[in-house]
Amino acid sequence: MSGAATLLLARHGRTAHNQQGLIQGRSVVPLDELGQMQARQLAEHIAALPNPPSNIWSSDLLRAEQTAGAVAALLKLEIRPDARLREQDFGDYEGRSLNELLAENADFERAWMQDFSLLHPPGGESFADTAARMLAWFADARPRQAGEVVLAVSHGISLTALLCALTNVTPRDAMAQGLFRHANAAYTALTLDTESGRVLDYSAVQSGHLD
């Protein structure tokens, strides 16, 4: 018999790359001072929920593990790292200035500003491949018990890819409507059917816990 469960999908806290406008992708970059504070604020908020998570998953990239670790410490849980939750691989673009790329590359500018599904950096990963591995993680890790709550800490593009796939909203429509764009340490809450994994409802992006 099916019921409802909750999946919380959070983005990591801020890093120096975020602050400087540099593309991170798979780069190993720690949280900066503000990012550490954001992780604490997310942790305090999640821990205070009426039904906090019983499982915490995280991308195995440092900035996500540090964010998830703040929540795990308050809830006295272990993190379950998974490489499938990593950010999209931006290949040759990693470490580059986002603004410079937008100014010099019309194809990238169109993909970044209008339709993430067109993102396929040279030497990197396509948006479709990012969505596929995120969906594979979801199939394995989604909550399956009524009332269960699971938290996953991931990355901006990867979260958009997963949310678009689960809600059947195209990346182009999501961007036009301003959906699924997570500030650092913001999150979306999904209500799922426990039997099928179908999305029954989803919240707007939550960031009220951040200063």
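1. The model is predicted: local features need pLDDT of at least 70, side-chain atom pairs count only at pLDDT 80 or more, and totals for chains, interfaces and linings use all residues. Residues are numbered from 1 along each chain as its sequence is written, and side-chain values use heavy atoms, leaving out hydrogens and water.

2. Arginine 86 sits in the loop between β3 (79–81) and α4 (98–104); helices (H or I, at least four residues) and strands (E, at least two) are DSSP runs, numbered from the N terminus. Not counting residues up to four places away in sequence, arginine 86 touches Arg26, Ser59, Asp60, Leu61, Arg133, His155 and Ser158 (contact: heavy atoms within 4.5 Å).

3. There are seven aromatic pairs, taking rings of Phe, Tyr and Trp (its six-membered ring) with centres within 6.5 Å; planes under 30 degrees apart count as stacked, over 60 as edge-to-face and the rest as tilted. Tryptophan 57 and tryptophan 137 form an edge-to-face pair, 6.0 Å centre to centre with 80° between the planes. Tryptophan 57 is in strand β2 (residues 55–58) and tryptophan 137 in helix α6 (residues 127–141), so the pair ties together parts 80 residues apart in sequence. Both tryptophan 57 and tryptophan 137 are buried.

4. The ring centres of phenylalanine 116 and phenylalanine 127 are 6.3 Å apart with planes at 40°, so this pair is tilted. Phenylalanine 116 is buried at 1% relative accessibility, and phenylalanine 127 is buried at 5% relative accessible area.

Technical notes:
Buried means under 20% relative accessible area, exposed over 50%, partly exposed in between (1.4 Å probe, protein chains only).
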